[in-house]
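Subject: Structure for you to look at

Hello,

Here is the structure I said I would pass on. My notes on it follow below; please read them with the structure open.

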Amino acid sequence: MAPVEEERPRALLAGASRRWVRLLPWGVAFVLCVALLPTTIVVLTADYGLNGSVASALAVAQAAPLLLAVVRPLRAWCVVLAADVAGALALLTVDFEERLLWPFPPMQIVGYIGLCLALGLRERRRTLVRVWLATAAANIGLGFVAPHGTSARNLLLTILGGVALLLAAALRERYEVQRRLAEQETISEAERDRRTLLEERARIARELHDVVAHHMSVITVQADTASYRLDGLAPDVREEFTSIAATARESLGEMRRLLGVLRNEETHGELVPQPGLTRIGQLADATARAGTPVDFTPCDTDVPETVGLSAYRIVQEALANVVRHAPGAPTRVSVTESGARLTVLVVNGPPPQPPAAPLETGGTGHGLVGMRERVRLVGGTLDTGPLPDGGFRVAAQLPLTEKDLT
């Protein structure tokens, strides 16, 4: 069995988007190390009277691990705490003035606070509580052998270390909450888009059923009545018509079973005949009565039912968007035939005044997603986007010939 490789530790703030933030922990650790190393040696030798070699060893043990704290703060803390306690015991061997701090000189307190900040940004609450308890225990234990008696200032490391741990932990948890909220919003948005797409596809499937079912019913009736309408049919021809009628009825039954899955209690209104080009004018009139002026250019071309239905739904959603997002804006709707394609164009200008709030908070839930699905259904193209004057444009090209539809 192959050995499991240890996960490579990440530096503090490695997930930040800005480069200077990712480099900040390294910069702070380097400055602290460079500043505290010589300062500790000088203070321990000049002020406290400690031997130079001992002071140098303690300075390295107390300052160098600050660089390790950027990637492994808990290991760095173990080394620094042990070095700080060793330094306090070493100071008991020399005679220093009572005014000087003991057991932890100012340099050690500064480095320890920086280390606690690193711990708070990385470790869990339980670990931070244990770190603080260990610090307090070491501080209180050394107090029993204090050379000049105990006082409140001897607990500075415990107090300031606890404050640093609490502050860094609060910042880390706040960042985690914000990150999770951002991830949840991203997931929710993706789920909404997916649900909208599925709902629109189901709606299209229901409408297509109604369109195709009509033609299948016509085929069934014509095949069933052929023997009565046409005289002199050969027996094999009559049998062929009977087979066609049976196949059509079977197809209708399968489509109805499928429709029972797609429909629900909220879709009874869709049982009416599906609209087409002839009803786009009614949409324009209804929108004009709602306070949005609409200039409509109709088209009397005979188009396939799927194309007419797609054109109607595209105009319907485009006008609904105008009412919601640009109420009162002058709007132009045109449906024209050019060669083998039907062009559907809905263009609105900027609203007379920006709406204080959307007229509908929920909307239909389809919008441009539904338009794209409609266009894909018939193999056309869709072009949408804002205009320089503040308006919006929706342009769809729908094929009219059977060759293009396939």
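Asn321 has its place in helix α10, where helices (H or I, at least four residues) and strands (E, at least two) are DSSP runs, numbered from the N terminus. Before going further: this is a predicted model, in which local features need pLDDT of at least 70, side-chain atom pairs count only at pLDDT 80 or more, and totals for chains, interfaces and linings use all residues. Residues are numbered from 1 along each chain as its sequence is written, and side-chain values use heavy atoms, with hydrogens and water left out.

Is Asn321 buried or exposed? Asn321 counts as buried because its relative accessibility is 18%; buried means under 20% relative accessible area, exposed over 50%, and partly exposed in between (1.4 Å probe, protein chains only).

Leaving aside residues up to four places away in sequence, Asn321 touches Ala326, Gly367 and Met371; a contact means heavy atoms within 4.5 Å. Asn321 and Gly367 are 46 residues apart in sequence, while their C-alpha atoms are 7.4 Å apart in space. Gly367 and Met371 are among the buried residues of helix α11 (residues 367-378), as are Glu373 and Arg374. Just after α11 comes Gly379, with a positive phi of about 75 degrees.

The side chain of Asn321 also makes a polar contact with the side chain of Arg324 (2.4 Å). A polar contact is a pair of N or O atoms within 3.5 Å; within protein, one must be able to donate a hydrogen and the other to accept it, and residues adjacent in sequence count only if both atoms are side-chain atoms. Arg324 lies in α10 (residues 305-325) and is buried, with a relative accessible area of 7%.

Now a helix pair elsewhere in the chain. The axes of helix α4 (residues 73-91) and helix α5 (residues 106-122) come within 10 Å and cross at roughly 155 degrees. Axes are lines fitted to C-alpha atoms, for helices over the stretch in contact, and angles run from 0 to 180 degrees between N-to-C directions. The two helices, α4 and α5, are therefore roughly antiparallel to each other (angles over 145 degrees count as such). Residues making the contact include Trp77 and Leu81 of α4 and Tyr112 and Leu115 of α5.

Finally, the whole chain. The chain has 12 helices and five strands, and buried residues make up 38% of its 406 residues.

Regards

Conventions: Parallel < 35°, antiparallel > 145°, perpendicular 65-115°, else oblique.
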